[in-house]
Amino acid sequence: ANTGRPGVDYGYGWWLYPNQNPPEVSANGRGGQKIAIWASKDMVVIITGAGYPGNAVEPGIAEAIRSDGPLPENAAGQRTLREKIRDAEKAPPPETIPALPAMAQQISGAFYALPRNPSRLDGVGLTFGGREPQLKVRYLGQDLAMPVGLDGVYRLGDYGPLHMLAGARGRWTSDSDFVLDLNFISDINNYTLAMHFAGNSVDITANESSGLARNVHVTGVKQ
């Protein structure tokens, strides 16, 4: 089908970019996910990460192509690649956790219901105390719970929808403001919630890295 965009066609679920270098046939998903076929290079490029512009990764891969045939063995390059992969898999070093503000205890255990909004989040609550904070979030009507790292490191586990991998971390930025980084890793949704607590309510600015929510402002009321 003619899309009306020069050099872009579409059919049977596939996007065609005949003028691209290399020419491409691709299945494009939300948040930058893609399956790209570069027939002229005998290559299939699969991108499963999220949270970046759709055209951010492929140009770098295309520029890295050095030959249409096999290259000589590069043992040093392979070692460097393995080292980079190991480094990318490591969690960042933990940061020092500052003293919690008085607001942490005031809102501890409270749950704030949110009105319907584009983020898909229906409510949120934090409990402080014990070894580390606990987060309760209502996502598309489902209650999920997980620990929250205050040292800059995700607490990962099968906490997400359908028990998929997810993690959370957060920090107090003032006596009344908390920034929550909620990452549904296996579902590609990565939320940043800037939360301002006052009285029996919380004002939230929600952003989601793949574009579900951009500067969505909602007010939650304590239940």
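Contact here means heavy atoms within 4.5 Å. By that rule, and leaving aside neighbours within four places in sequence, Leu212 is in contact with Arg30, Pro118, Arg120, Asn189 and Tyr191. The model is a predicted one: local features need pLDDT of at least 70, side-chain atom pairs count only at pLDDT 80 or more, and totals for chains, interfaces and linings use all residues. Residues are numbered from 1 along each chain as its sequence is written, and side-chain values use heavy atoms, with hydrogens and water left out.

## The β14–β15 loop

Helices (H or I, at least four residues) and strands (E, at least two) are DSSP runs, numbered from the N terminus. Leu212 sits in the loop between β14 and β15. Is Leu212 buried or exposed? Leu212 is buried, at a relative accessible area of 19%. The cut-offs are under 20% for buried, over 50% for exposed, and partly exposed in between (1.4 Å probe, protein chains only). Val153 is 59 residues from Leu212 along the chain, and their C-alpha atoms are separated by 24 Å.

Asn215 also belongs to the loop between β14 (201-208) and β15 (216-222). Apart from neighbours within four places in sequence, Asn215 contacts Thr205, Ala206 and Asn207. Asn215 and Ala194 are 21 residues apart in sequence, with 9.7 Å between their C-alpha atoms.

## Core

A nonpolar core is a set of buried Ala, Val, Leu, Ile, Met, Phe, Trp, Tyr and Cys residues joined through side-chain atoms within 4.5 Å. In soluble globular proteins, nonpolar side chains tend to be buried together. The largest core in this model has 35 residues. Leu135, Phe178, Leu180, Leu182, Met195, Phe197 and Ile204 touch the most other members. Leu180 touches, among others, Val124, Leu135, Val148, Ala168, Arg169 and Met195, not counting residues up to four places away in sequence.

## Salt bridges

A salt bridge is a side-chain nitrogen of Lys or Arg within 4 Å of a carboxyl oxygen of Asp or Glu. The count comes to nine.

| Glu58 | Lys34 | 2.7 Å |

Glu58 and Lys34 form a salt bridge with N and O atoms 2.7 Å apart. That pair links distant parts of the chain, 24 residues apart: Glu58 is in helix α1 (residues 58-64) and Lys34 in strand β4 (residues 34-38). Both Glu58 and Lys34 are buried.

Asp87 is partly exposed, at 44% relative accessible area.

Asp181 is buried, with a relative accessible area of 14%. Arg169 is partly exposed, at 26%. Elsewhere, salt bridges that share partners join Arg131, Glu132, Asp151 and Arg155 into one network.

## Pockets

Rolling a probe the size of a water molecule over the atoms shows where empty space is left. On a 1 Å grid over the protein atoms alone, a pocket is an open set of points where a 1.4 Å probe fits, with protein on both sides within 12 Å along at least five of seven lines; lining residues have an atom within 4 Å of a point. Grid points are joined across faces, edges and corners, and a volume is the space filled by probe spheres set on the points.

The largest pocket has a volume of about 190 Å³. Its lining is Met43, Ile61, Ala64, Ile65, Arg66, Ser67, Asp68, Gly69 and Leu71. By class, that lining has five nonpolar, two polar and two charged residues. Ala, Val, Leu, Ile, Met, Phe, Trp, Tyr, Cys and Pro count as nonpolar, Asp, Glu, Lys and Arg as charged, and the others, Gly among them, as polar.

The second largest pocket has a volume of about 160 Å³. Lys90 and Arg169 are among its lining residues. This lining divides into seven nonpolar, no polar and three charged residues.

## Backbone points

The peptide bond from Asn21 to Pro22 is cis, with omega near 0°. Pro22 is in the loop between β2 (14-17) and β3 (24-28). Arg120 has a positive phi, near 75°, in a residue other than glycine. Arg120 is in the loop between β6 (111-113) and β7 (121-127), and is partly exposed at 32% relative accessibility.
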